[in-house]
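Subject: Handing over the structure

Dear colleague,

I am passing the structure below on to you, together with some notes on what was found in it. Please look through it first, and then read on with it open beside you.

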Amino acid sequence: MKIQRRTYLKWLHWSLVPLLIWFTVVQPRDIRPFGEAAFMFHSVLGLIFVTLALLWTADYLRRGLASRPGPKLSGPLRRFHRIMHLTLIWGLFGVAITGFLLGLTSTVLLWAGGIVPIAPPLGLPRANDLVGQIHSVEFYLLSFLVGCHALFHIWRHLHLRDNALRIMLPRLLHKYL
């Protein structure tokens, strides 16, 4: 049985949401006091997040955007729709890349989830600090954009009545819309 692209992307979309919330709220420094097992759990979640982000980028590169602006969106909103979705996809990819650069510039070998070595450490502490700042700012900007994305689609669903949420949510939840 072949999974349709829209179904696959819905699962990908909704799998990323709790992970994005987790990483927006919980920092590695918040986890460290709970011990190595808690930190490893956080790291495994990071590996899952990056894997899903890279899958989404690969899908986009292979087949383009799956989302199309609804017919009720006017000219500027149609352009905003496309720009917003492209920024989300490339933002996810950028977070994965800066995470790799964190490992590359580190002084020790970092492991994603204790499973995958992130990159061979080059021992560049100043570069590592800079990449860490970029990674953090980039992630929080992406989180902000995700919030704007959600508000935009809620607005579309309620104001334009174009069923934007019905398109994005799994069928199981349609009865609540």
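This is a predicted model: local features need pLDDT of at least 70, side-chain atom pairs count only at pLDDT 80 or more; totals for chains, interfaces and linings use all residues.

Sorted by class, the lining of the second largest pocket holds 23 nonpolar, 10 polar and six charged residues.

The largest pocket has a volume of about 1200 Å³. Its lining is made up of 36 residues, and Pro-28, Gly-99, Leu-102, Ile-118 and His-135 are the ones that lie nearest its centre. At least two lining residues come from each of α3, α4 (75-105), β1 (111-112) and α5, with α3 giving the most to the lining of the largest pocket, namely 11 residues. In this lining, 22 residues are nonpolar, 11 are polar and three are charged.

Helix α1 deserves a paragraph of its own. Its 21 residues should span 30 Å at 1.5 Å a residue, and because its end C-alpha atoms are 31 Å apart, the two values agree. The buried residues of α1 are Arg-5, Leu-9, Leu-12, His-13, Leu-16, Leu-19, Leu-20 and Phe-23, and the buried residues of this helix pack against α3, α4, α5 and α6. As background, an α-helix has 3.6 residues a turn, so residues three or four places apart point the same way.

Which residues touch the most other members of the largest nonpolar core? In this core of 25 residues, they are Leu-16, Phe-49, Trp-56, Leu-92 and Phe-139, and the elements that give two or more residues to the core are α1, α3, α4 and α5. If neighbours within four places in sequence are left aside, Leu-16 is in contact with Phe-49, Leu-52, Ala-53, Trp-56 and Leu-92. In soluble globular proteins, nonpolar side chains tend to be buried together.

Thr-57 lies in helix α3, which covers residues 36-63, and because its relative accessibility is 3%, Thr-57 counts as buried. Not counting residues up to four places away in sequence, Thr-57 touches Ile-89, Trp-90 and Phe-93.

Arg-63 is also in helix α3, but with a relative accessible area of 41%, Arg-63 is partly exposed. Between Arg-63 and Val-131 there are 31 Å in space, C-alpha to C-alpha, while in sequence they are 68 residues apart.

Ala-119, finally, is found in the loop between β2 (116-117) and α5 (125-160), and its relative accessible area of 5% is why Ala-119 is described as buried. Once its neighbours within four places in sequence are set aside, Ala-119 is in contact with Phe-100, Gly-103, Leu-104 and Leu-109. Ala-119 and Ala-38 are 81 residues apart in sequence, and their C-alpha atoms are 22 Å apart in space.

With best regards

Key
Residues are numbered from 1 along each chain as its sequence is written. Side-chain values use heavy atoms; hydrogens and water are left out. Helices (H or I, at least four residues) and strands (E, at least two) are DSSP runs, numbered from the N terminus. Buried means under 20% relative accessible area, exposed over 50%, partly exposed in between (1.4 Å probe, protein chains only). Contact means heavy atoms within 4.5 Å. On a 1 Å grid over the protein atoms alone, a cavity is a set of points where a 1.4 Å probe fits but cannot get out, and a pocket is an open set with protein on both sides within 12 Å along at least five of seven lines; lining residues have an atom within 4 Å of a point. Grid points are joined across faces, edges and corners, and a volume is the space filled by probe spheres set on the points. Ala, Val, Leu, Ile, Met, Phe, Trp, Tyr, Cys and Pro count as nonpolar, Asp, Glu, Lys and Arg as charged, and the others, Gly among them, as polar. The expected span of a helix is 1.5 Å times one less than its number of residues. A nonpolar core is a set of buried Ala, Val, Leu, Ile, Met, Phe, Trp, Tyr and Cys residues joined through side-chain atoms within 4.5 Å.
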